[in-house]
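Before reading on, take a moment to look through the sequence and turn the structure around on the screen. The questions below can then be followed residue by residue.

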Amino acid sequence: MYSYKYPHPAIAADCIVFAHDKDDVKVLLIERKNEPCKGCWAFPGGFMNIDETAKDAAKRELKEETGLEVSEVQQVGAFSAVDRDPRERVVSIAYFTEIAEVVAVKGGDDARKAEWFSLKALPQLAFDHDEILKKAVEKWSSERK
């Protein structure tokens, strides 16, 4: 066991999934089953296990919370505002991916529901997920050019 003079933040990973639905672009959200932000909409995500990378954590959480499995994700960035999570000091590393079309999803693990929302009509997002979405859309859009 190690003992450190300074406390360590927890690391989380979030996954933003974009999908095409006719002339619309949708994003996958989960309704949180537990506090904090119980009942609010957020990206699939959660805490990284000690034996996995942040990228693997994002893909694992996506599968656990929605049933959707993806092979590739790209990093959006790290989000580290001091007060972004009321439970403890949490840094989240966010990833995005794009799939060809909207597919069936189902809430699982600590997600009450999983649903697709149009980028034009999103519910209020939990934590700092609106900031994360803005950066994800910028990166996703620039890669599509």
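What follows is a set of questions and answers about this predicted model.

Q: Which residues of the largest nonpolar core touch the most other members?
A: The largest nonpolar core holds 19 residues, and the elements that give two or more residues to this core are β1 (10-21), β2 (24-32), α1 (54-66), β6 (90-99) and β7 (111-118). Within this core, the residues that touch the most other members are V17, L28, L62, L68 and I99.

Q: How many residues are in the second, separate core?
A: Besides the largest nonpolar core of 19 residues, there is a second one that is separate and includes L29, F43, L133 and A136. The number of residues in this second core is 17.

Q: Is β1 largely enclosed by the rest of the structure or largely open, and how many of its residues are buried?
A: A residue counts as buried when its relative accessible area is under 20%. β1 has 12 residues, and it is largely enclosed by the rest of the structure because the number of them that are buried is 9.

Q: With which strand does β1 pair in the parallel sense?
A: β1 pairs with β4 (residues 45-47) in the antiparallel sense over 3 bridges, with A13 standing opposite G46 in β4. β1 also runs antiparallel to β2, to which 4 bridges join it, and here F18 stands opposite V27. The strand that pairs with β1 in the parallel sense, over 10 bridges, is β6.

Q: Which residue in the turn between β1 and β2 has a positive phi?
A: β1 and β2 are joined by 4 bridges and run antiparallel, and together they form a hairpin with 2 residues between them. In that turn, the residue with a positive phi, of about 60°, is K22.

Q: Which residue in β6 is the bridge partner of V17?
A: Leaving aside neighbours within four places in sequence, V17 is in contact with K26, V27, L28, L62, L68, T97, I99 and W116. With sequence neighbours up to four places away not counted, T97 in turn touches I16, V17, F18, V70, E72 and V73. The bridge partner of V17 in β6 is T97.

Q: How far apart are the end C-alpha atoms of helix α2?
A: Helix α2 (residues 129-144) has 16 residues, and at 1.5 Å a residue they should span 22 Å. The distance between the end C-alpha atoms agrees with this expectation, as it is 22 Å.

Q: Within what arc do the buried residues of α2 fall?
A: The buried residues of α2 are H129, I132, L133, A136 and W140. Seen down the axis of α2, these buried residues line one face of the helix, because they fall within an arc of 95°.

Q: How many residues apart in sequence are the parts tied together by E31 and R112?
A: Side chains of opposite charge can pair when their charged atoms come close. E31 forms a salt bridge with R112, and the closest N and O atoms are 3.3 Å apart. E31 lies in strand β2 and R112 in strand β7, so the distance in sequence between the parts that this pair ties together is 81 residues.

Q: In the salt bridge between R87 and D85, what is the N to O distance?
A: R87 is partly exposed, with a relative accessible area of 41%, whereas D85 counts as buried at 7% relative accessibility. Their side chains meet in a salt bridge, and the N to O distance is 2.5 Å.

Q: Which residues do salt bridges that share partners join into one network?
A: K113 forms a salt bridge with E115, with the closest N and O atoms 3.8 Å apart. K113 is partly exposed, with a relative accessible area of 36%, and E115 counts as partly exposed at 30% relative accessibility. Salt bridges that share partners make one network of E31, R112, K113 and E115.

Technical notes. Residues are numbered from 1 along each chain as its sequence is written. This is a predicted model: local features need pLDDT of at least 70, side-chain atom pairs count only at pLDDT 80 or more; totals for chains, interfaces and linings use all residues. Side-chain values use heavy atoms; hydrogens and water are left out. A nonpolar core is a set of buried Ala, Val, Leu, Ile, Met, Phe, Trp, Tyr and Cys residues joined through side-chain atoms within 4.5 Å. Buried means under 20% relative accessible area, exposed over 50%, partly exposed in between (1.4 Å probe, protein chains only). Contact means heavy atoms within 4.5 Å. Two strands pair if DSSP finds at least two bridges between them. The expected span of a helix is 1.5 Å times one less than its number of residues. The arc is that of the directions from the helix axis to the C-beta atoms. A salt bridge is a side-chain nitrogen of Lys or Arg within 4 Å of a carboxyl oxygen of Asp or Glu.
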